[in-house]
Amino acid sequence: MHDGQPPRTTANGRARADRAAQFMPFAALRGYYELLHEAARVPEPRHELTEEESLELSAVVQRVRKRQVVRVRYYDHDAYTELTGCVSHIDLAARELWVVKTRIPLDDIVRLEILEEP
């Protein structure tokens, strides 16, 4: 909205909107925090599910639907990772679950909880 007045300026003569731009987030270390997270991972051996754990997990997998919020613990390369998010896709034929944009093979899951129904 322009009311015929010049734009408001700061003491050094810059427009306030220009000055605000200098405080925008700067990602000079893009990827750095992901590398730190990876370095902090402690490798651990894979846990094989017992028959009872397998049956319990299968029952939960059968109830999972798109747009549900879930918490999943799964084996990711050399360590266990826990992720909470919305199910974006589940494919029982391909045996994979997608939580947001993360593809998780069903065989790598050790625990799955449904937190919210859609």
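User: Where is Y32 found?
Analyst: This is a predicted model. In it, Y32 is found in helix α2, residues 32-40.

User: Which residues make a nonpolar surface patch with Y32?
Analyst: L29, Y33 and L36 make the patch together with Y32. The patch covers about 430 Å².

User: Let's turn to Q68. Where is Q68 found?
Analyst: Q68 is in the loop between α3 (51-63) and β1 (69-76).

User: Is Q68 buried or exposed?
Analyst: Apply the cut-off of under 20% for buried. The relative accessible area of Q68 is 2%, so Q68 is buried.

User: What lies 2.6 Å from a polar atom of the Q68 side chain?
Analyst: The backbone nitrogen of R65 does.

User: Where are H77 and R95 placed?
Analyst: H77 sits in the loop between β1 and β2 (79-91). R95 sits in the loop between β2 and β3 (96-99).

User: How is the accessibility of H77 classed?
Analyst: H77 has a relative accessible area of 73%, so H77 is exposed. For R95 the value is 41%, so R95 counts as partly exposed.

User: Now charges. How many salt bridges does the count come to?
Analyst: Seven salt bridges. Read each one in two steps. Take the N to O distance, then ask which parts of the chain are linked.

User: With which residue does R71 form a salt bridge?
Analyst: With E82; the closest N and O atoms are 3.8 Å apart. The pair links distant parts of the chain, R71 in strand β1 and E82 in strand β2, eleven residues apart. R71 is partly exposed, with a relative accessible area of 27%. E82 counts as partly exposed at 42% relative accessibility.

User: How far apart are the closest N and O atoms of R111 and E82?
Analyst: They are 2.7 Å apart, and R111 forms a salt bridge with E82. That pair also links distant parts of the chain: R111 is in strand β5 (residues 109-116), E82 is in strand β2, and 29 residues separate them. R111 is at 37% relative accessibility, so R111 counts as partly exposed.

User: Which residue forms a salt bridge with R95?
Analyst: D107 does, with the closest N and O atoms 2.7 Å apart. R95 lies in the loop between β2 and β3, and D107 in the loop between β4 (102-105) and β5, so the pair ties together parts that are twelve residues apart in sequence. At 55% relative accessibility, D107 counts as exposed.

User: Which residues do shared partners join into one network?
Analyst: R71, E82, R111 and E113. Read the network through the pairs. E82 forms a salt bridge with R71 and another with R111.

Notes. Residues numbered from 1 in each chain as written. Predicted model: local features only at pLDDT ≥ 70, side-chain atom pairs only at ≥ 80, totals over all residues. Heavy atoms only, no water. Helix = DSSP H or I, 4+ residues; strand = E, 2+ residues; numbered from the N terminus. Buried < 20%, exposed > 50% of the residue type's maximum accessible area, 1.4 Å probe, protein only. Polar contact = N/O pair within 3.5 Å; in protein donor to acceptor, adjacent residues only side chain to side chain. Patch = residues over 30% accessible without salt bridge, like charges linked within 9 Å, V, L, I, M, F, W, Y side chains within 5 Å. Areas by Shrake-Rupley, 256 points an atom, 1.4 Å probe, with all protein chains shown as cover. Salt bridge = Lys/Arg side-chain N within 4 Å of Asp/Glu carboxyl O.
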